[in-house]
2 protein chains.
Amino acid sequence: MDQLEIFKALSNKARLQILNWLKEPEVNFPGQAEYGFENGVCVGQIHAKSGLTQSTVSEYLTSLQRAGLVTSVRTGQWTYYRRNEETFAALSKLIETEI
Amino acid sequence: MDQLEIFKALSNKARLQILNWLKEPEVNFPGQAEYGFENGVCVGQIHAKSGLTQSTVSEYLTSLQRAGLVTSVRTGQWTYYRRNEETFAALSKLIETEI
DNA sequence: TTGAGATATCGAGAAAAACCGATATATCTT
DNA sequence: AAGATATATCGGTTTTTCTCGATATCTCAA
C-alpha cells in the first residue's frame, strides 16, 4: 500500500465524488441495473453522471485502481469498477496508528 | 474539516515526513530539548532536518496547519508546531465510515 | 469481416504545486 | 535605536496535475 499514491488519488474532488457514488451503486447508478451490480459499475455509467469526458473518467478510474482504492473486472466490452473496502479499512488504520 | 484540503496536504513526501517526525519530537528533534517540547517543535529545527529551504518548510507547515493537521503557537521569535491528533482521529473515522 | 459500441491511450494546453532565493516582518538583546 | 535571529511572504522557474479532443484497441453483433 503506497500511502503517497493513495493520498494523491484522493486529492481530487471528482475522484472523491466517484468513490462516494460507488458506496451505493444501486442508488447512484440506476442505469446499471439491467447489467447487474455484482461486478461494480461500468465506466460509461460513471462518465454519464460525472460531467467529465470519457477519457478523463477512464484515467481517473485507472489512477484509483493503481492506488488500490477500486478494483476492476473486464467483462465483454465493459469494465466494471467497484470500491476495494480493504484498502479503505487499511488506510483508516494507518492514519490511526502510523502516519 | 475539509477533506480535500487534508488529502492535498498529505499528498507530498516531505510533508508526510514532517508529520511523522512530529510523532516523536524528543527522538527526532534533540536540538529542541533546550527549549522544551511543550508547545511542539520550532520551524528552524524542522528546516535543519529536512534538507529543504526555510521558506519551503514555512510554507509546508502553514499548509499543514490550514488542513488542521498541526497547530502552532508563537512564543517570542519562535513558532512551534505540533500535531493535532484530533484531526488524525477524525480523518481515520471519516475514511472508515464516510468516504 | 465489417461496423458499432465501450474503454484505453496519446498529445497538448492550462492550471496548480513544488520548490527556491530574496526580502519583509517580528522579536530579542544590547 | 541597532544589530541579530526566527519566521513569513513574494516573485519566479520547473514539474506535476487536470482535463480535453482525437485516436487506438477490444469486443460484440450482423
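The model is a predicted one, in which local features need pLDDT of at least 70 and side-chain atom pairs count only at pLDDT 80 or more, while totals for chains, interfaces and linings use all residues. Residues are numbered from 1 along each chain as its sequence is written, and chains are lettered from A and ligands numbered from 1 in the order in which they are written.

To stay with this pair in chain B, H4(B) and H5(B) pack at an angle of about 120°, with their axes 9 Å apart (lines fitted to C-alpha atoms over the stretch in contact, with angles from 0 to 180 degrees between N-to-C directions). On the H4(B) side the contact consists of B:Val43, B:Ile46, B:His47 and B:Ser50, and on the H5(B) side of B:Gln54, B:Val57, B:Ser58 and B:Leu61 (C-beta atoms, placed from the backbone, within 7 Å). Sorted by class, this contact holds 4 nonpolar, 4 polar and no charged residues (nonpolar being Ala, Val, Leu, Ile, Met, Phe, Trp, Tyr, Cys and Pro, charged being Asp, Glu, Lys and Arg, and polar the others, Gly among them).

Chain A has a pair with these names too: the axes of H4(A) and H5(A) come within 9 Å and cross at roughly 120°, and these two helices are therefore oblique to each other. Here A:Val43, A:Ile46, A:His47 and A:Ser50 of H4(A) meet A:Gln54, A:Val57, A:Ser58 and A:Leu61 of H5(A), and the contact is made up of 4 nonpolar, 4 polar and no charged residues.

The same surface serves both copies, since 100% of the contact residues of chain A recur in chain B.

Turning to the interface itself, 16 residues of chain A are in contact with 16 residues of chain B. On the chain A side, helix H1 (3-9), helix H2 (13-21) and helix H6 (85-97) each supply at least two residues, and H6(A) gives the largest share, with 6 residues. This side of chain A has 10 nonpolar, 3 polar and 3 charged residues.

The H6 helices of the two chains also meet each other, for the axes of H6(A) and H6(B) come within 8 Å and cross at roughly 170°, and the two helices are therefore roughly antiparallel. Their contact is made by A:Phe88, A:Ala89, A:Leu91, A:Ser92, A:Ile95 and A:Glu96 of H6(A), together with B:Phe88, B:Ala89, B:Leu91, B:Ser92, B:Ile95 and B:Glu96 of H6(B). By class this contact has 8 nonpolar, 2 polar and 2 charged residues.

There remain the two DNA strands. Around DNA strand C there are 22 residues, of which A:Cys42, A:Gly44, A:Ser55, B:Ser55 and B:Gly76 come nearest (a residue being near if its C-beta atom, placed from the backbone, lies within 6 Å). Helix H4 (43-50), helix H5 (54-66) and strand S3 (78-83) of chain A, together with helix H5 (54-66) of chain B, each supply at least two residues of this surface, and H5(A) gives the most, with 6 residues. The surface near DNA strand C divides into 6 nonpolar, 14 polar and 2 charged residues.

DNA strand D is surrounded by 23 residues, the closest being A:Ser55, A:Gly76, B:Cys42, B:Gly44 and B:Ser55. For this strand, H5 of chain A together with helix H4 (43-50), H5 and strand S3 (78-83) of chain B each supply at least two residues, and H5(B) gives the most, with 6 residues. The surface near DNA strand D has 6 nonpolar, 14 polar and 3 charged residues.

How values were computed:
Contact = placed C-beta atoms within 7 Å. Helix = DSSP H or I, 4+ residues; strand = E, 2+ residues; numbered from the N terminus. Parallel < 35°, antiparallel > 145°, perpendicular 65-115°, else oblique.
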